[in-house]
Amino acid sequence: MTKDNSYSAVLARKPEIIRAAVGVDYSKFESGSIAFDYEGMMASTGYSLEDVIAIQRGYAIGNTPLIELHNITSLVRSLSKTGYGARIFIKDEAANPSGSFKVRRAATSIHHAKRMGYPGALSATSGNYGAAVASCCAKSGLPCIVVQECYDSRGVGQPEIIEKARKCEALGAEVVQLSVGPELFYTVLRMLEDTGYFNASLYTAFGIAGIETLGYELAGQCRTQIGKDPDVVVCTNAGGGNLTGTARGLYKADCFPEIVAASVNLKGLHMASDTQFNKKSFTTGHTGFGMPFSTWPDRSDVPRSAARPLRYMDRYVTVRQGEVFYTTELLARLEGIERGPAGNTSLAAAISIAQELPESAVVVVQETEYTGAGKHGSAQLSFARQNGIRVSLGDPKDEVPGESIVLPAHPSLLRAEEVDLDHMRRSLITHAAETVNQAPTSADIAFLAQETKASEAFVRNTLSETAQK
Amino acid sequence: MANKGDWVRIHSVILQPGERAAAVPEDTKRVPLEQWTKGYLQADAAFGEQVSVVTRTGRLVTGTLVDDAPHYTHSFGDFVPELQQAGDEAFRLLFGGERR
């Protein structure tokens, strides 16, 4: 009998395809209501933090340098009131084999896939994660497929994504490229079913456990190098895994800094729009992923996402595209380090945040990513111009996503903007209540308080306000 | 024209405009979901013909032949004066010197 491979038929088979492709039965973590056993799911990998560190050593991952950005700190102090301007450090994750922190995320998955006898691994990603999976598969001797959303209907590809395709191929992966649209998931399901490969999802517990080592390592390095814990750790936020894993790792080291999420402001651009696809100059680290994945994490390729950033977020800020390109230039010109651009979203935010803090405070930017052809300020700004975007020096507050990119004419014009975190918390709680027919149980309320890093009173107030509406 | 065994790029349509997901924006719904894959060509063919390839992972995939020996042409883009000006100005603010 031939399989029905229509869109609706394949999506109807999603639960069994995903279950076979990640080897996890998610139903055992469910309560039947809103709450589910998040920590039980995280522990279900069977790999402890020490195990994950050992696995990553096998792939030559981790122990990346923590670098003090003396010159950027000096520039920040010149902009701050007397006695202010925190020390800024950056964790140079570009030093990892695949050129970004994402390889931490891939390692446990690929180690596990190999151990469980899967014939290969597949990943759906247009980002650095593709190269990360390809890198680990190369080392493990596993075939690898990376599926990317890359082109608009004119066949014009984002230069940043094309470079990532090149890198995946350089590391031995088969790259399948698609035009814009969330139905990418349909092709992924078909390929998983046809190949029997492991789904190296970004959102399983394997992936997030891999990032815990970043936070754990960072805490240790601060204690050894600086003699104190960081006051603030800034994480670029898109799907939420980076922040979730880093925070969990910090907590496991008994280190509790303020955790700040930073995203590029792409307000007004629709992520699944064919005509707007090439109007943006960032393909990750932006609000188009950061907002929806924070307020509702369970929208990924697995039933329950292990990336749940609102559980750990103390503050959320946005920066403009022009501010991130500018910061990328500062890192090159003042520190002699060429990285990013997208990974420098958190550094742009840190430059702003450090001005609010005393000179004794320590702000850590927890990642960098490699730079290359296509994945570079000049490549991405040239591409923006070709797509009708105005590029100028001025006040970044005047930037309109999809129309203009404004680099700060002076560093004092770089200013992160606050996101209303309580509004995001209420959004998650309200949405959660809508997913069940009965009133939330007391276990649900305790769960939602953890989900949003808020009090149970906050959850109850939000639920009663929603009920009144 | 490409020969059997050549490393080629093929194109196919995965979903026609009428088959696209309900939640997709209108502009995206008007165009097909397209796919590009690379592999070893299974028989001699001309560009535009339907062909089969075997990919790096051994999958047999069919589509329209669009390129033979595909290579990358992405670059560092054009000169962007704003980036250089921004970098020069920040350097001058920190270390001093003349504007040029």
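Which residues have the most contacts inside the largest nonpolar core? They are Ala121(A), Val133(A) and Val234(A), and this core has 144 residues. A nonpolar core is a set of buried Ala, Val, Leu, Ile, Met, Phe, Trp, Tyr and Cys residues joined through C-beta atoms within 7 Å. A residue is buried if 20 or more other C-beta atoms lie within 10 Å of its own, exposed if 12 or fewer, and partly exposed in between, with C-beta atoms placed from the backbone.

The model is predicted: local features need pLDDT of at least 70 and side-chain atom pairs count only at pLDDT 80 or more, while totals for chains, interfaces and linings use all residues. Residues are numbered from 1 along each chain as its sequence is written, and chains are lettered from A and ligands numbered from 1 in the order in which they are written.

Helices (H or I, at least four residues) and strands (E, at least two) are DSSP runs, numbered from the N terminus. Apart from this core lies another, of eight residues, including Val8(B) and Leu41(B).

Chain A as a whole has 18 helices and 13 strands. Of its 469 residues, 59% are buried. A compact globule with 469 residues would have a radius of gyration near 23 Å, and the 21 Å of chain A agrees with this. That radius is taken over C-alpha atoms, and the globule rule is 2.2 Å times the number of residues to the power 0.38.

Next comes the sheet. Seven strands of chain A form an open sheet with mixed pairing, in the order β1-β2-β10-β7-β8-β9-β13. Its edge strands, β1 (66-68) and β13 (417-418), each pair on one side only. Two strands pair if DSSP finds at least two bridges between them. Strand β9 (residues 315-319) of chain A is joined to β13(A) by two bridges, and the two run antiparallel. Within this pair, Val317(A) has Glu418(A) as its bridge partner.

The two chains also meet. In all, 49 residues of chain A are in contact with 35 residues of chain B, where contact requires C-beta atoms, placed from the backbone, within 7 Å. On the chain B side, α2(B) gives the largest share, nine residues. Strand pairing crosses between the chains as well: two bridges join β5 (residues 174-179) of chain A to β2(B), running antiparallel. There, Gln177(A) stands opposite Trp36(B).

Technical notes: Two residues are in contact if their C-beta atoms, placed from the backbone, lie within 7 Å.
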